[in-house]
Every structure is written in C-alpha cells, then in structure tokens.
Amino acid sequence: MYLLKIREEDSGDLETENIEVRYRANVEFKKQTLAYSNKPGRYEISLQEDSGESILTTKVGLGW
C-alpha cells in the first residue's frame, strides 16, 4: 500500500490517497505533479510506503 500526499505550505495536507499498486501510485504522483505545477502557491507532493519510507517527493507551484 502506498500513500500519495499533497501538502500546501503553511496550511497542511490538502489531499491524501491510498493506492495499492506501485505502478498506479507512480502514475498518480506524476499526474498530480503536473496538475499542481501551474497553480499559485507552494505545494509538496510525496509518495510514501505504509512503513513511512519516502519514495518520491517534489515541490511544485508558481510560488517557488
């Protein structure tokens, strides 16, 4: 199980989604990265395993 988390700087978690298949989790991470990259503000998107180990993390948004 994988956890996709989207966090806005200074306001906390916006979205979280549990995904069972690693490939689907990677695709969703890329989709969300593209979706949030042109939005105003600063966002951190991360993909983690159930154990809490971070797999992928990126910072996106027009505020960076």
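Colleague: By class, what residues does the lining of the largest cavity have?

Modeller: Two nonpolar, two polar and two charged residues. Here Ala, Val, Leu, Ile, Met, Phe, Trp, Tyr, Cys and Pro count as nonpolar, Asp, Glu, Lys and Arg as charged, and the others, Gly among them, as polar. Bear in mind that this is a predicted model, where local features need pLDDT of at least 70, side-chain atom pairs count only at pLDDT 80 or more, and totals for chains, interfaces and linings use all residues. Residues are numbered from 1 along each chain as its sequence is written, and side-chain values use heavy atoms, with hydrogens and water left out.

Colleague: Which residues line the largest cavity?

Modeller: Leu 4, Ile 6, Glu 15, Thr 16, Glu 17 and Gln 32. A cavity is a set of points on a 1 Å grid over the protein atoms alone where a 1.4 Å probe fits but cannot get out, and lining residues have an atom within 4 Å of a point.

Colleague: And how much space lies in the largest cavity?

Modeller: About 30 Å³. The volume is the space filled by probe spheres set on the points, with grid points joined across faces, edges and corners. The count is one cavity of 30 Å³ or more.

Colleague: Where does the largest share of that lining come from?

Modeller: From strand 2, with three residues. Strand 1 (2-8) and strand 2 (12-19) each supply at least two. Strands are DSSP runs of E, at least two residues, and helices are runs of H or I, at least four, numbered from the N terminus.

Colleague: How do strand 1 and strand 2 pair?

Modeller: In the antiparallel sense, over seven bridges; pairing takes at least two DSSP bridges between the strands. Arg 7 stands opposite Asp 13 in strand 2. The two strands form a hairpin with three residues between them, and Asp 10 in the turn has a positive phi of about 75 degrees.

Colleague: Changing topic, where is Thr 58, and which residues does Thr 58 touch?

Modeller: Thr 58 sits in strand 4 (residues 54-60). Leaving out residues up to four places away in sequence, Thr 58 touches Phe 29, Thr 33, Tyr 43, Glu 44 and Ile 45, a contact being heavy atoms within 4.5 Å. Phe 29 is 29 residues away from Thr 58 in sequence and 9.5 Å away in space, C-alpha to C-alpha.

Conventions
On a 1 Å grid over the protein atoms alone, a cavity is a set of points where a 1.4 Å probe fits but cannot get out, and a pocket is an open set with protein on both sides within 12 Å along at least five of seven lines; lining residues have an atom within 4 Å of a point.
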